[in-house]
Amino acid sequence: EEEQDLEAAEKYLQTALEVANKFSIHDPRLVSSLEQLAQFYSKLGKHDTASDYFHMLAKVIRSSHGRISPESGHAYARLGFAYYNMGDYAAALICFRRSLSVHLSTAGRKTLTTIRASQNLALVLQAQKKHYAAFKFLSYARSAALELLEEEHSIVLTLSVQLEAVTNSLK
């Protein structure tokens, strides 16, 4: 019965993609359909098929949002994980490098997306036994995360002081 459910889900997703392909490349339904199919196959362990859909997804996102956009950075990361799961570390490395480059360009150094992109890159470098390079990216990510945490802590303290002042005004 579970196999029938999976077959029905696959057929539904394929039909959704066929319909979405009739719309503009800028239509979010196309991106959504490609992403759902890619994740569906990834969860089933069909990483070759998943990577095909993640590749199509990255291509559509690059076409609709541009090569240097947060959406493209996320698409490169998804494709990188598909390659990583297939054991194609060279292709994963290329995708994770692109993801990091895009996130540095669009979001800056001290953001969660950039920190995660650095961490992803270190993951594949570690799998390739390039431990020194992995260490460099993890150190970079950790440093950026600590700086971000320090800034966030300052904001939390400021908000606490403001909240206390407002609370006292209410009394």
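**Helix pairs in a predicted model**

Let me begin with a contact between two helices: Leu112, Thr114, Ile115, Ser118, Gln119, Leu121, Ala122, Leu125 and Gln126 of helix 6 meet His131, Ala133, Ala134, Phe137, Leu138, Tyr140, Ala141, Ala144, Ala145 and Leu148 of helix 7, where contact means heavy atoms within 4.5 Å. By class, the residues of this contact between helix 6 and helix 7 divide into 14 nonpolar, five polar and no charged; here Ala, Val, Leu, Ile, Met, Phe, Trp, Tyr, Cys and Pro count as nonpolar, Asp, Glu, Lys and Arg as charged, and the others, Gly among them, as polar.

Residues are numbered from 1 along each chain as its sequence is written, and side-chain values use heavy atoms, with hydrogens and water left out. Helices are DSSP runs (H or I, at least four residues), numbered from the N terminus.

How do we describe such a pair? Two packed helices are described by the angle between their axes and the distance between the axes. Helix 6 and helix 7 pack at an angle of about 160 degrees, with their axes 8 Å apart, where axes are lines fitted to C-alpha atoms, for helices over the stretch in contact, and angles run from 0 to 180 degrees between N-to-C directions. That makes helix 6 roughly antiparallel to helix 7, a term for angles over 145 degrees. Helix 6 passes helix 7 in a left-handed crossing, which is to say that the near helix is turned anticlockwise from the far one by less than a right angle.

In the loop between helix 6 and helix 7 we find Lys129, which has a positive phi of about 65 degrees although it is not a glycine. Is Lys129 buried or exposed? Lys129 is exposed, with a relative accessible area of 65%; buried means under 20% relative accessible area, exposed over 50%, and partly exposed in between, with a 1.4 Å probe and protein chains only. Asn120, by contrast, lies in helix 6 and is buried, at a relative accessible area of 13%. Leaving aside its neighbours within four places in sequence, Asn120 is in contact with Ala77, Phe81 and Phe96.

The second pair is helix 3 (residues 47-65) and helix 4 (residues 70-86), which pack at an angle of about 165 degrees with their axes 9 Å apart. That makes helix 3 roughly antiparallel to helix 4, and their crossing is left-handed. The contact of helix 3 with helix 4 has 10 nonpolar, six polar and four charged residues.

Staying with helix 4, we see 17 residues that reach 25 Å from the first C-alpha to the last, close to the 24 Å expected at 1.5 Å a residue, the expected span being 1.5 Å times one less than the number of residues. Several residues of helix 4 are buried, among them Ser72, Gly73 and Ala75, and what covers the buried residues of helix 4 includes helix 3, helix 5 and helix 6. Helix 4 is followed by Gly87, whose phi is positive, near 85 degrees.

Finally, Leu170 is in helix 7 and is exposed, with a relative accessible area of 71%. The C-alpha atoms of Leu170 and Ala127 are separated by 57 Å, and these two residues are 43 residues apart along the chain.

Methods. Predicted model: local features only at pLDDT ≥ 70, side-chain atom pairs only at ≥ 80, totals over all residues. Parallel < 35°, antiparallel > 145°, perpendicular 65-115°, else oblique.
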